[in-house]
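Dear colleague,

I am passing on a structure that I have been going through, and I would be glad if you could read the notes below with the coordinates open beside them.

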Amino acid sequence: MMKLGLLVRSQNLSAEKSPNNDLGIGKVTELSYSTATVEYFCSIGQRLEKILPLTSLSRVRLPPQTRCYIQPENQDTWIIGRIFDWDEDKSLYRIDLPDKKIALVAEQEIYVRCNLPIDDPIEILAMKGQETPYFHDRRLAFVRCLIQQGAVSRGMTGLISANIDLYPHQVEVVRRVLEDPIQRYLLADEVGLGKTIEAGAILRQYLLDEPQGRAVVIVPQYLREQWLQELENKFYLSDFLSEFADRVQVLAVEDVDRVSPNAALGFLILDTLETLFGKPGPFQVISAVQLRPEPSYWFAWCQSAEIRKQRLIEAVYHLPRPLIVYATKREDVRRWQQDLLRAGFKRCAMMTGESSTTERSQLIQDLRERRVDIVVATSAFGLGVDQSDVRAVIHACIPETIDRFYQEVGRGGRDGKAAISLALHTDEDLKIAKYLNEKSAITIERGLQRWESMFLKKEPSIDGRFRVLVNIPPSLQLADIDMNSEQNQAWNIRTLTLMSRASLIEMDADRPPLIKNFESKNAYQKAWELHRESRFIRILDESHLKKQTWEQKVEPIRQQSQNRSYKNLELMREALRPERCISEILAEAYTIGDRTIPEQRKQVIVSRACGGCPVCRKNRESIFSGIMPAPISVWQNPKLFVGKELERLLAGDKLMLIFYESMEEKSWKRKSPQVFQWLTEQGIKNLVVTREFYSTLIKEPNLISDAFIFLFEKYQPILMPRIPTLIFHPPGKAIPEKYLSPNRTSDAPLIIVLPVDTADPSRNDRKLIDIFPGKYFMFNHFCTEVNL
């Protein structure tokens, strides 16, 4: 019930109903039937009154350390203190006052500043409303410390306030993302360089900088608990920490966007990236895809399971450790672990999809501390595991796709040192791989059956959407009725995704439940379960329940995914008994073809690399590492010469721009060779020019007799000596933002000659000349300055 003197805050209603809800905390001074007069305390000498609807007001409980103002009766001076706590029994605030005094004060006697800034502090000083020097001195020291920390962290306070060890490359990644006005980034560092830390630091800084900001983290189901712990322990981000409550959500979305869990996903991933990051466009693919060179591949066919057992145990005796043994089925993992334990390998553990988060974390810890050096696992031992020094990976199976094989092999040699991949396979393994491969894509009959079951129990929404449950069995048949596992839920989600790709339905997002809307954690968790076990969809094709529609629209997409899966299995079979280098097989698996519709996209080519394979050993070919850059000579300490006139024009800057109107102007044609000659005489020794202008320069070699000439089309800054440089930027070419960076690593002057209509590289809706803060000249003005 609203009473006079209570502290209130206006709720976030529409601007028409409540235009003053950003003023913060106020005090109720008058009440009527439907409205209240709220007084906002701006300062001791300034108050502001607003009439607001009662329905928009909510009572405020002041948190500890809130600064408050009290004016004792019969006194002209104000006392400033800090809220300590609320005494529920006495309905009074306990307030800490100067000189270590304590007071119990009623809410009606307390004033709290609103959100309006103080225009003139003189008024407060005249009325003796300032705090004591005690607070000022200590706050000043604290503020100075904050300023120093902010300078060290370059303004990224989320880094130094997180419980992490900082590395320069991670700080640079965080800085680059946060300073970009358009923050659409894919973090794709090498394995082990800390992508999770980078993502967490960016997330924490974002939430600190944006008090109203929200974030969603999407991870596989079995990693959700691990991510929650990491975010809470390392970045202090949690659903249940008051500062970030309801602002960061960790969602478990298992295989939502994958029609087939084992298909080659190159096209699907690239299409997804284009959908998420391609607008407003254009979407450009810049690829430097290289296969890992570390593993040395060995394959051995075994006539029986018993022979394979003998060979595997013999291999474990001789191979370096830590090592991982992969099997396809959980029962095989348990059997292999028992075999290895009986053989005397006591530091042997196992992991499958049934392993709990606690068991998983303990195994990783044991592996890092060398209490375990052999892990027997299914493919579940993968995501979220980063053990850099695994020396060998053994496959006691045939993976159903080359993609799964290559991912699991990649668990070895992450520290860049030598690693071995050994595959021991039997004919029975091939049958299992075929079965899993064929099972990877749902048939349209089974898919339609699942959809009918989900749609039968749909719940309509007022906006035309439907909520469908994804945890229900596909039918009421005896074999299906008890099917309520996570695997069943995953198949239902894949069915919906397949229908979405066929344009039968549209899968829509629904806001996750917020903890503040629930009285208990238990109720919140139940709401989360319902959220996780249902999807909102919109019908796009009214014939979605007809088999003919599925045959015409769904089957082509399903078949496309199945064909990719078949191809992956064939490449896996070829790798087992290869007739070509394994790098060629892997390159074929990961190369993405070009595309002309809906928009043109270039082919993504994979650079081959081989750390040793049966074919290369047979042909006595050395290992090779593809496109890894070879060491090049770097011009670290060149002798610089800059003429006095050029130094005068630069005026201490290292970057100068010269804008020209048109290359067709008579003054440009007549004076440009002279300008280039003058600049070379003033110390410019690198000339980067177009092929057309190069033809002009070489006709008069005396103009540039003592300079390096680089063609603009083949310009590579890393290969150039770090001496004074001129870049002639042709019309129609966007200028890279790094050219204009004040943090250039070279101290040598850089002169850029470019068209006057060149766009700002960070925003193409404005010209560079209109916003460039450094030294620049128009071409004719420059000629006048140097007497040309």
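**What was found**

Pro322 lies in the loop that runs between α8 (305–318) and β14 (323–326), and the peptide bond that joins Arg321 to Pro322 is cis, with omega of about 5°. Please keep in mind throughout that this is a predicted model, so that every value here is computed from predicted coordinates.

As for the protein as a whole, its 788 residues include 23 helices and 31 strands, and 44% of the residues count as buried. Of the contacts between residues at least 6 apart in sequence, 67% join residues that are at least 24 apart.

On confidence, the mean pLDDT of the protein is 78, and 78% of the residues reach 70 or more. Among the elements, strand β17 (residues 392–395) has the highest mean pLDDT, at 94, while helix α7 (residues 266–277) has the lowest, at 51.

Helix α13 (residues 444–456) consists of 13 residues and spans 18 Å from its first C-alpha to its last, which is close to the 18 Å expected at 1.5 Å a residue. Its buried residues are Ile444, Gly447, Leu448, Gln449, Arg450, Trp451, Ser453, Met454 and Phe455.

Strand β20 (residues 466–469) contains Phe466, which counts as buried because its relative accessibility is 18%, and the cut-off for buried is under 20%. Once neighbours within four places in sequence are set aside, Phe466 is in contact with Lys458, Glu459, Pro460, Arg535, Phe536, Ile537 and Ile539. One of these partners, Arg535, is 69 residues away from Phe466 along the chain, yet their C-alpha atoms are separated by 8.1 Å.

The last item concerns the surface, where Phe142, Val143, Leu146 and Ile147 make a nonpolar patch of about 380 Å². Ile147 belongs to helix α2 (residues 133–152), and its relative accessible area is 57%, so Ile147 is exposed. In an α-helix there are 3.6 residues a turn, so residues three or four places apart point the same way.

With best wishes

Conventions: Residues numbered from 1 in each chain as written. Predicted model: local features only at pLDDT ≥ 70, side-chain atom pairs only at ≥ 80, totals over all residues. Heavy atoms only, no water. Helix = DSSP H or I, 4+ residues; strand = E, 2+ residues; numbered from the N terminus. Buried < 20%, exposed > 50% of the residue type's maximum accessible area, 1.4 Å probe, protein only. Contact = heavy atoms within 4.5 Å. pLDDT = per-residue confidence, 0-100. Expected span 1.5 Å × (residues − 1). Patch = residues over 30% accessible without salt bridge, like charges linked within 9 Å, V, L, I, M, F, W, Y side chains within 5 Å. Areas by Shrake-Rupley, 256 points an atom, 1.4 Å probe, with all protein chains shown as cover. Salt bridge = Lys/Arg side-chain N within 4 Å of Asp/Glu carboxyl O.
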